[in-house]
Amino acid sequence: MLDAIIRTLGSTAGAHDWSVQQAEKRQTQYYVIGSSIENSRRVHSERYLVTIMNDHPARDGSSQARGQAEVSILPGDLPDLQARLAQAVFMASLTDNPPYTLAGPVDYPSVPMADTEIQAAPRELAEHTVEQLLDSLKRERGVRLSSAEVFIEDSRIAFRNSAGAQGGKQETGLLLDFVLLAAGDGDEMESHVALQRRRHADLDVPAVLARHVQYARDALVARMPRTGTFPVVISDEALAELLMSEGHSPLLLRSSAQAKYQRISPWEVGQTVLPESLSGDEITIYSNSLLPFGARSGSFDNEGHPGRRTLILENGVLRAFWAPQRYAQYLNIPATGAFGNLELKPGSQPFSTLVQGEAPFYHVVSFSAMSPDPITGDFVGEIRLGYEVCDGGTHPIRGGSISGNLYAALAKARLSRETAFLGDYLGPRAMLFEAITVAGA
Amino acid sequence: MEWNRVPTRLQEANNQLPSLVREMEKRVSYAHVLLSRNSGLQITLDDREQKVTDVEPSQGIVLSAWNGNYFEEMAASDLNKSRLSSMARELASSLQPAPGADLDPGPPLQRHWATQQQKDPTLMSPRDKLSLCQDLHQRTRSLDPHIVNVQVRYSERCESRAFASRTRLLSQNVLRLSLILLVVVTDGQRVQYDWLSKEGTGGLELLDITDLELRDLCSRAVALLTAEKVAPGMYDVVCSPDVSGVIAHEAFGHGVELDMFLKDRARSRQYLGKAIASPLVTIVDDPSYPGGHGTYFFDDEGQVASPTYIIRDGVFNQGLSDMYSSHRLSMPHTANGRRESYQRKGYVRMSNTFFARGATSLDDLIAGVGHGIYLNKTSSGMEDPKGWGMQVTSQYGEEIRNGKLTGRLFAPVGITGYVPDILQSVCAVGDDFVLSGGTCGKGHKEWVPVSSGGPHLRLKARLG
């Protein structure tokens, strides 16, 4: 079908440039409540995302303009193919954008993205993962499995464009989502975790389980934090959520060439972008698409740019915008392709030092949700679980919230020496923020 | 009604659905099939870019077979006739039926529904729709010198579903529209923004935006450049309908989805039939609400839409369910079994969730506050059905002093608290009613269109 689409594109009037991405996916989904199966699913999907560029005189008479439209071709659409592509050309012809060219042919780097263990026996792996959870929990008094979901995905992606770029890649993915319930004194509390990895070996189920067993137990005795401004340590998944926000991070938005072109990002290359002078550790960030088995890694991106590692921030100074080819040409800067995984340079202090600082302070390990505003960087997050360290003691907390501005907070942050790889984040396991507003009792 | 025309190949697949059910029911006591197709148009434009394109289409089929204990499912994007037949045979032959109670397929019903509308968007060309968006952009762009960009996003989605079981053959075409206007402003130092959105099921009549609304939007975005941080603490609060709705949805709605009962994740279960909120509070979920962004005619398990009174006069009356949870719990089956797409399992999900209207005017709600905050617009929210904590982030709050708004703004404002405390603190309910649309996830995934809202509310909450 890919060849048929490309042949038809070649004879479609007005399709001056194009790209096609074929994605075929097989999924195994396995759902458990307690120790009983709730649902079991097998899914097969296939689609072809066609992007068409049409060149035409700009309506304001200024120069030549380019319009772009996408159309997804599904199995069974072949009889309508010509009409669907012609409709996409028509839609592309309606809009006037400055012209740009497509990424041409290059040798793509090899980036491991497919786990042979996942590919070999997905259903068995899903069952094994749940059995592993249930077996481990037998040794944990008062803690049980509420529910678990295992999604296993095996994808094949092919890419071609009219500038001659072409590539293929295989990817796997595994999502483990589970909830633990801890019982005590007539009450129950939960700990919920959702982990997405490309390789089964990166899950480390026993370690994650042990941590969340403790979190569920601690939630039973947690109290509300105090109100005020305190040093706050944020660690592991909670830190990755704050910094990466499932790809909607303020750090990604402000460092994107598209946001710069749209005048949404005020950042300038060569300038310090954090609002206060750096008094904490060095903040150095890379976009890294070459990280083996990274959630946002790839030998090429959706537009055919090769995967790469790009220095974005160096000690708080913007060194480069990440830029797909179109926006790179608009701003006359080098093209880097899509943002990959967030790689943050680790700090110099051991984790144990960060969490043994001068009391009182808080250590947050889980938010209800933490999505800093991508435009302003402001954040507010309810504390699902954390710890209050004061007067020589540590006590679990939950409820209330922390708030602040991500850029201001990063300017005064201490970073742990130990690193964590959490799907789309590789960096310090924990950060200590000097002064964060806590709304509590 | 161009959008309501079923493509020939999809119609062929529709016709095949009953035979697929029969094939599976050779092996099991109950099976159903859901065929879905989404299509439509999307226009985005701002100061520097324009795009007109298809919405990402989704088309596929799910075969669901009850093996006595749980559903086993196969799903695929390929609707080829022989492929579907072999899928049904493959699923049936792989099943290991276990003794268990049969599912109730419901009374016989055969019917088609379609969204009612006044101005059919599909009768307007993409070029004319682009012109409307450009006009809206130009009307907004010149309103204030602080504006650095104005984004307009128009989306029309035609969502077709066909469902078959041995007693039901149902189909629906739902037309879901949305228009979002985002204004980004700067004073040279700070960047801020505000937005206006109109959405629902229906036609272009849903999307009218007045000049007054545009002026309010721009002046508020500029005012947010000097917004302060709210001092953390407990406040008397007046919530806009948008904030009220997210409280209904996040604080209470998620905790009464009955799959949470099955998983022992819902603290609300111990309050069934008991007072949980102020007697002024009634909360409803209604997938049949006309024009709501979460509206549909039947859910993804063929249950016909109707309202559920979750809280009535402060008492927790009834939860929301799908076929599996209502069967397991022997509780009423409501029309809340929904899927993100054929690629995902169905869960118990909300639709249009709202506080019922009260009797107090907005002026009186504000006049009753000595020192407090008027909260407007929500940017996010998250549920916690077990701990019954609540997190809602409001785009901004405005100070109330001696019963009057002062113009002093705080942004953003986090609202947290213990759900029963918040619901019991409701001391007045407005006489107005507005629904706002959006999408809702189960945890951090499984996105479906919903709306939430109601009237203004006066209550106490912890802000930070």
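## A guided tour of chains A and B

Begin by selecting residues 285–288 and 309–314 of chain A: these are strand S8 and strand S9, which pair in the antiparallel sense over four bridges. Within this pairing, display A:Ser287, whose bridge partner in S9(A) is A:Thr310. The model on display is a predicted one.

Strands of a sheet pair through backbone hydrogen bonds, in either a parallel or an antiparallel sense.

**The two domains of chain A**

Next, colour chain A by domain. The domain assignment gives residues 2–219 as domain 1 and residues 222–439 as domain 2. The C-alpha centres of these two domains of chain A lie 24 Å apart. Where they touch, 27 residues of domain 1 of chain A are in contact with 26 residues of domain 2 of chain A.

To see the domain 1 side of this contact, select strand S1 (17–33), strand S4 (143–161), strand S5 (166–184), strand S6 (187–197) and helix H5 (205–220) of chain A, each of which supplies at least two residues. H5(A) gives the most to that side, with three residues. Coloured by class, the domain 1 side in chain A shows 14 nonpolar, seven polar and six charged residues.

**Across to chain B**

Now show both chains together. Here 60 residues of chain A are in contact with 61 residues of chain B. On the chain A side, select residues 36–57: this is strand S2 of chain A, which provides the largest share, 11 residues. By class, the side of chain A that touches chain B comprises 22 nonpolar, 23 polar and 15 charged residues.

**Chain B as a whole**

Chain B has nine helices and 23 strands. Its radius of gyration is 24 Å, close to the 23 Å that the globule rule gives for 464 residues, so chain B is as compact as a globular protein of that length. Taken along the principal axes, a box of roughly 70 × 55 × 35 Å holds the C-alpha atoms of chain B. Of the 464 residues in chain B, 56% are buried. Among contacts in chain B with a separation of 6 or more, 73% are between residues 24 or more positions apart.

**The two domains of chain B**

Finally, colour chain B by domain: residues 2–226 are domain 1 and residues 233–463 are domain 2. Taken over C-alpha atoms, the centres of these domains of chain B are separated by 23 Å. Their contact takes 27 residues from domain 1 of chain B and 22 residues from domain 2 of chain B.

Which elements give two or more residues to the side of domain 1 of chain B that touches domain 2 of chain B? They are strand S1 (30–45), strand S3 (58–66), S4, strand S7 (168–186) and strand S8 (191–201) of chain B. Highlight S7(B), from which the largest share of that side comes, six residues. By class, the domain 1 side in chain B has 13 nonpolar, 10 polar and four charged residues.

Definitions and conventions. Residues are numbered from 1 along each chain as its sequence is written. Chains are lettered from A and ligands numbered from 1 in the order in which they are written. This is a predicted model: local features need pLDDT of at least 70, side-chain atom pairs count only at pLDDT 80 or more; totals for chains, interfaces and linings use all residues. The radius of gyration is taken over C-alpha atoms; the globule rule is 2.2 Å times the number of residues to the power 0.38. A residue is buried if 20 or more other C-beta atoms lie within 10 Å of its own, exposed if 12 or fewer, and partly exposed in between; C-beta atoms are placed from the backbone. Two residues are in contact if their C-beta atoms, placed from the backbone, lie within 7 Å. Domain bounds come from an automatic or database domain assignment. Ala, Val, Leu, Ile, Met, Phe, Trp, Tyr, Cys and Pro count as nonpolar, Asp, Glu, Lys and Arg as charged, and the others, Gly among them, as polar. Two strands pair if DSSP finds at least two bridges between them.
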